[in-house]
Amino acid sequence: MEQQTKALLSSLRVLDLTEGGSLLCGKVLGDLGADVIKIERPGGGPSRNIGPFYHDIPDPEKSLFWFAYGANKRGITLDIETTDGKGIFKRLVKTADIVIESFPPGYLSGLGLGYDTLSEVNPQVILTSITPFGQTGPYKDYKGPDIVSMAMGGYMFLTGDPDRAPVRISFPQADFNAAGEAVVGTMIALYYRGTSGLGQHVDAAAQVAMIRWLQNSVPFWVLHKVILKREGPYMAGSSAVVPLRGVWRCKDGFVAFTIFGGAIAGKMMPPLLEWMEAEGMSDEGMQKLKRRQWAEFDMACGDAEVFNLMQEKFAAFFLTHTKSELYEGSVKRNIMLAPVATAKDHLEDKQLKARGYWVKLEHPELGTTLTYPGAFCKASEISCSLRRRAPLIGEHNLEIYQQELGFPTEELVALKQGGVI
Amino acid sequence: MSKGVFEGVKVAEFCWIAVGPASIKFLADQGAKVVRIESTTRMTGLRATPPFLDNKPGLNRSGAFNLFDPNRYSLALNMQHPRSMEVAKRLVAWADIVAENFSVGTMEKWGLGYEELKQINPGIIMFRTCNQGQTGPHAKVLGFGVHLQGLTGYTHLTGYPDRDPSPPFGTYTDYVSMLFGGTMLIAALEHRRRTGKGQCLDLSQFEASLHFLTPLILDYEVNRREANRAGNSCPYAAPHGAYRCQGDDRWCAIAVFTDEEWQSFCKVIGNPEWTQEPRFATLVGRKQNEDELNALVEKWTKNFPPEEVMTQMQNAGVAAGVVKNPKDIFEDPQLKHQEAYCMLEHKEMGVYPVYGKPFNLSKTPAQVNRPAPCFGEHTEYVCREFLGMSEEEFDDLLVSGVFE
């Protein structure tokens, strides 16, 4: 279905001033075809220092984080704090549809480059700001690295072992959530601009982006004045009788599996018990489980003995298999079980391969080709694709400053020596 | 009040649980007319999710559903009834978007696959989302959030390295996916605005969710490293963690990255002698002695409520934040300022919160002004006002028992 698809945003130019997880916003717009120009400070931006690194060599041209979220962008260097830099930036804004930034609130206004100024330069421009807490409000000036946003968004309190400190996801996620919301806000602003001709300021923030993860925990407080607790590898609130596992150890790692009641148990338990029996588990406890009418099993009324018996038997069975054996066996039998996968499992995953998910991008300067996650969505009419590896530092300076904006060579040389580009 | 950006856009929402409705909410909050088609035979799990008002379960009493799904109309249709397709097809003809997030094949079973929809309404946008996509060997593999969090890798990456993983609370991948869902829905609407053409969108939640982990996939590919969970530690910051504070299960996150922040941190805690020890003077030293450092930090934090730790640290330029529990979240001043929750009057719940603005748009802010619908609350209204049925037509269907 890909061959006749079109790049929806190919007529749009995006100026991307963001760093860190906020880079995702421009990357997604790039996937939809926009001409995204990443503007870095001379010498390269701080995101190039984020690991991991290609062959573990810490070098600004070898950050895998940069490769991931700098992709589908062209790159120029520009110091927007200098007078010349500001002037050049405004010239670029005249040609742009969207500007994305992730500076502390007020930073751009302080440089004379806030939304009011940019919209004077180009009334159609959309300015998208991505911050930990938002452009206004009591916490707007608070510092918000990932762990702080995760804490303040309410997610950490509910995650982790009950006898230890609450934990975040070990790979930072908060800024991606803010950037993802920023993409949606920017798309709404674009649609509005298409019908009204007006730009606007999009204000996305990490803390507010995360409250939806909190599921029913806020309702528990609002309705019952109950504060849910974190339960480690067990399922929060799954049974009043005994804590039920959501994560189980197997031969080479872990699998995700939970005990259900009702219709799901009716479908899932018989084939699972048969599978276990076929592999030699047939003692008295197994017979007891096999005799049950699982479709009538009520999670709320099940007694501790049967839950404990199930958990004991499943734990023993899972230990005899690898995660991929358990996954494949479960897929065959319509049992809901998934591997607790790692990047290695993803690259070997049958489904992702069959759907043509992976995309290869050449990195000629490294003499190699790397495989990236491809389309975040398959669409029959518009393309969502990875076309361009992340830019080298200032890779497109000449292309953009000279060929597109028409700066004479002498001026560029002066700007380079003046530390502007 | 400004007109919603998607005023005039009509959505027939054959959705349940999370990703479908959460993606559609972006449109509903901008004025799109969204009709949720519901049935007791395929009831959204959220209506059956506790807590319930006064602890009494009921279709309209779930604290979760009523928080998640404001700004839509509910039409209750028995999909097993022989005349259900008459109504469903009228909805398809009316709509600009048909959204569905059932297991693969369900819409086809009803005769509502993309090809059939196109016959009824050539410009239709069909938004489909499920765990692993509409095609491929695992398209029909069933699973809930706990399974998809495992499959995507988030479970493996959460918790302490010396223990079993702790799945992230709830269903994280749902909320990653709905961001891409919202984006693609608007992209498809924009494409239609320009060309008049509809299309089919196939959002695999597995595929979408991996985009928040790309560097780790590259890391395995290049360095053969399988990233592991690391508690709260960060390779380039110390102290970096959640520290116990005064009170029951109260914690404050603190993160110190630079020399300057370290100096400020020491000053806030009163420059105790240990902070002058050479082994804590450098980042490398602090990382090497991290366990001890964390214990010393906690010796200080546990004397103060987390709010005080946060304020003192932030005022001194050190990143810190209360580990907010659900009560704190509901009362959070920043979230209130941003109208993250809106209080709306609901027929059964009374005044109850719904999710409000996910972000702010200076000219076209989200408008969350109608509470989550009661089950089948708008069946007649939708049929008469949106679908243009005459009174006789509607009564005829009503008598047939096609509505629930």
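How many Å separate the centres of domain 1 of chain A and domain 2 of chain A, taken over C-alpha atoms? Keep in mind that this model is predicted.

**Stop 1: the domains of chain A.** Select residues 13-212 + 353-417 of chain A; the domain assignment calls this domain 1. Now colour residues 247-340 of chain A, assigned as domain 2. Over C-alpha atoms, the two centres are 45 Å apart.

**Stop 2: helix H9 of chain A.** Go to residues 217-224 of chain A, helix H9. Is this helix mostly covered or mostly open? Mostly covered: seven of its eight residues are buried. Show side chains for A:Ser217, A:Val218, A:Pro219, A:Phe220, A:Trp221, A:Val222 and A:Leu223, the buried set.

Next, bring up chain B. Elements covering the buried residues of H9(A) include helix H2 (63-68), helix H14 (326-331) and strand E11 (350-355) of chain B. Then step just past H9(A) to A:Lys225. Its phi is positive, about 55 degrees.

**Stop 3: B:Met184.** Select helix H7 of chain B, residues 172-195, and pick out B:Met184 within this helix. Why does B:Met184 count as buried? Because 31 other C-beta atoms lie within 10 Å, and the cut-off for buried is 20 or more.

Now list the contacts of B:Met184, leaving aside neighbours within four places in sequence. From chain A come A:Cys377 and A:Ala379. From chain B come B:Leu201 and B:Leu203.

Last, draw a distance from B:Met184 to B:Phe127. These residues are 57 apart along the chain, yet their C-alpha atoms are separated by 8.6 Å.

Conventions:
Residues are numbered from 1 along each chain as its sequence is written. Chains are lettered from A and ligands numbered from 1 in the order in which they are written. This is a predicted model: local features need pLDDT of at least 70, side-chain atom pairs count only at pLDDT 80 or more; totals for chains, interfaces and linings use all residues. Helices (H or I, at least four residues) and strands (E, at least two) are DSSP runs, numbered from the N terminus. A residue is buried if 20 or more other C-beta atoms lie within 10 Å of its own, exposed if 12 or fewer, and partly exposed in between; C-beta atoms are placed from the backbone. Two residues are in contact if their C-beta atoms, placed from the backbone, lie within 7 Å. Domain bounds come from an automatic or database domain assignment.
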